[in-house]
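Please look through the structure below. The questions that follow start with the chain as a whole and then turn to single residues.

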Amino acid sequence: MRNRRLHPPRHGLLAALVLTLVYVSAAATASTPLLKLGPIAVANDTATVAGTLASGSSTATLTVNGQPVGFDAAGSFTATVPLNGASTLALALSEGGTSQQTTFQVPLTGSLIPAGVLDSLEQAGISLLAPTGIGSGDPLTVSGGVLDHGNLSSLTLNGKDVLGTLGSGGTFTVQVPGTTKVITLSATDKNGTSETITTPVSIPATVAAKDAVGVRFARIAFSTKNVRKTHRVRMIVTVRDLRGSLVKGATVSVRSLKRGRLVRTPKSGLTGPKGRATIVVPLRAVAFGKRLTVNTVAKTPSAKVSRKGSVRIPKAKHKRHS
């Protein structure tokens with residue numbers, strides 16, 4: 001989980017709560033370091049900016065208008081970057097070992113932007129809690145809050161306004177679809193400076209059938225190896241949910257679409273940790289040399305999917321008579 005941490009006051013201002021996201025299934029990660037900026041000088045279609053990382057993190061990476069910037073041992077940096085006609089300065093900050101990124105957009109409204117241009121966003125104290133409902137198949141619930149919304153002109157979560165929905169304690173709660181892949185929180189202050197935090201939703205590699213978000217077939221494979229000897233066709237069925245997670249514990253059943261081809265209806269099976277179930281299809285002699293067409297069904301407690309498929313059964317070998 002990622003959490004905002006309160007830093008000691010700096011220059012008479014309350015340092016920001018660093019935005020972080022924690023996933024129920026993920027281990028704790030370090031807070032995203034916050035930038036403190038000095039004056040920004042603009043001349044000849046270039047910008048010169050200096051600043052420090054509030055946390056002094058040694059694993060953070062920073063780009064300014066797409067140009068990588070290095071830090072010294074104290075977390076300080078200086079960069080001169082071409083603007084190529086751009087009217088804003090974009091500072092993209094990532095913490096090592098995480099997939100989360102924080103981007104600040106600073107409007108370049110003159111030849112000298114004063115120091116502390118990010119201070120109003122810091123004072124706003126934006127926070128975001130862990131989304132709940134991951135893996136349940138229901139919409140995700142995302143909550144957060146603002147310490148001082150008076151510094152903001154807008155606050156959106158995945159494009160939906162939350163500034164106008166803040167409760168008495170400055171909190172908000174938003175539901176997003178269970179298939180959401182990215183959570184994005186964007187705040188803009190009254191001077192047009194913005195902060196955007198983008199974090200992919202952590203999709204589990206494997207989920208239990210009861211937690212799957214829908215169900216679909218990833219692959220249905222037929223094997224006719226040794227079919228003349230065993231009179232059996234093996235089917236390997238792989239099942240995922242709509243987010244791409246492998247589904248463990250889904251029920252898979254198969255039936256022939258033409259009577260008389262099978263000795264009996266194949267036994268159903270449950271998918272394992274890799275989302276696969278093996279179904280043995282017992283053949284009658286009449287099925288050899290013909291195409292076997294079956295209907296495969298995969299079910300979870302909340303969803304069901306079916307698909308037709310077929311395989312050509314080789315002809316049976318005939319004994320030679322002397």
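Q: Among contacts in the protein between residues at least 6 apart in sequence, what percentage join residues at least 24 apart?
A: This is a predicted model, in which local features need pLDDT of at least 70, side-chain atom pairs count only at pLDDT 80 or more, and totals for chains, interfaces and linings use all residues. Residues are numbered from 1 along each chain as its sequence is written, and side-chain values use heavy atoms, with hydrogens and water left out. A contact means heavy atoms within 4.5 Å. Of the contacts between residues at least 6 apart in sequence, the share that joins residues at least 24 apart is 59%.

Q: How many helices and strands does the protein have?
A: Helices (H or I, at least four residues) and strands (E, at least two) are DSSP runs, numbered from the N terminus. By this rule the protein has 2 helices and 24 strands.

Q: What percentage of the residues of the protein count as buried?
A: Buried means under 20% relative accessible area, exposed means over 50%, and partly exposed is in between (1.4 Å probe, protein chains only). The protein has 322 residues, and the buried part is 45%.

Q: Is F77 buried or exposed?
A: F77 lies in strand 5, residues 76-82. F77 touches residues that include L35, L37, V49 and F71, not counting those up to four places away in sequence. The relative accessible area of F77 is 3%, so F77 is buried.

Q: How many Å separate the C-alpha atoms of F77 and L37?
A: L37 is one of the residues that F77 touches. The two are 40 residues apart along the chain, and their C-alpha atoms are separated by 9.6 Å.

Q: Is T238 buried or exposed?
A: T238 belongs to strand 18, residues 232-240. Leaving out residues up to four places away in sequence, T238 touches R216, F217, A218, R219, L246, K274, G275 and R276. The relative accessibility of T238 is 13%, so T238 counts as buried.

Q: How many salt bridges does a search of the whole structure find?
A: Side chains of opposite charge can pair when their charged atoms come close. A salt bridge is a side-chain nitrogen of Lys or Arg within 4 Å of a carboxyl oxygen of Asp or Glu. One of the pairs is K210 with D211, at 3.3 Å from N to O. The search of the whole structure gives a total of 3.

Q: Which residues are linked in a network of salt bridges?
A: D119 forms a salt bridge with K36, the closest N and O atoms being 3.3 Å apart. This pair links distant parts of the chain, since D119 is in helix 1 (residues 119-124) and K36 is in strand 1 (residues 35-43), 83 residues apart. E122 also forms a salt bridge with K36, and here the closest N and O atoms are 3.0 Å apart. The network is made of K36, D119 and E122.

Q: Does K36 count as buried or exposed?
A: K36 lies in strand 1 and E122 in helix 1, so their pair ties together parts that are 86 residues apart in sequence. E122 and K36 are both buried. With 15% relative accessibility, K36 counts as buried.

Q: Does K210 count as buried or exposed?
A: K210 meets D211 in a salt bridge. D211 has a relative accessible area of 27% and is therefore partly exposed. K210 has 59% relative accessibility, so K210 counts as exposed.
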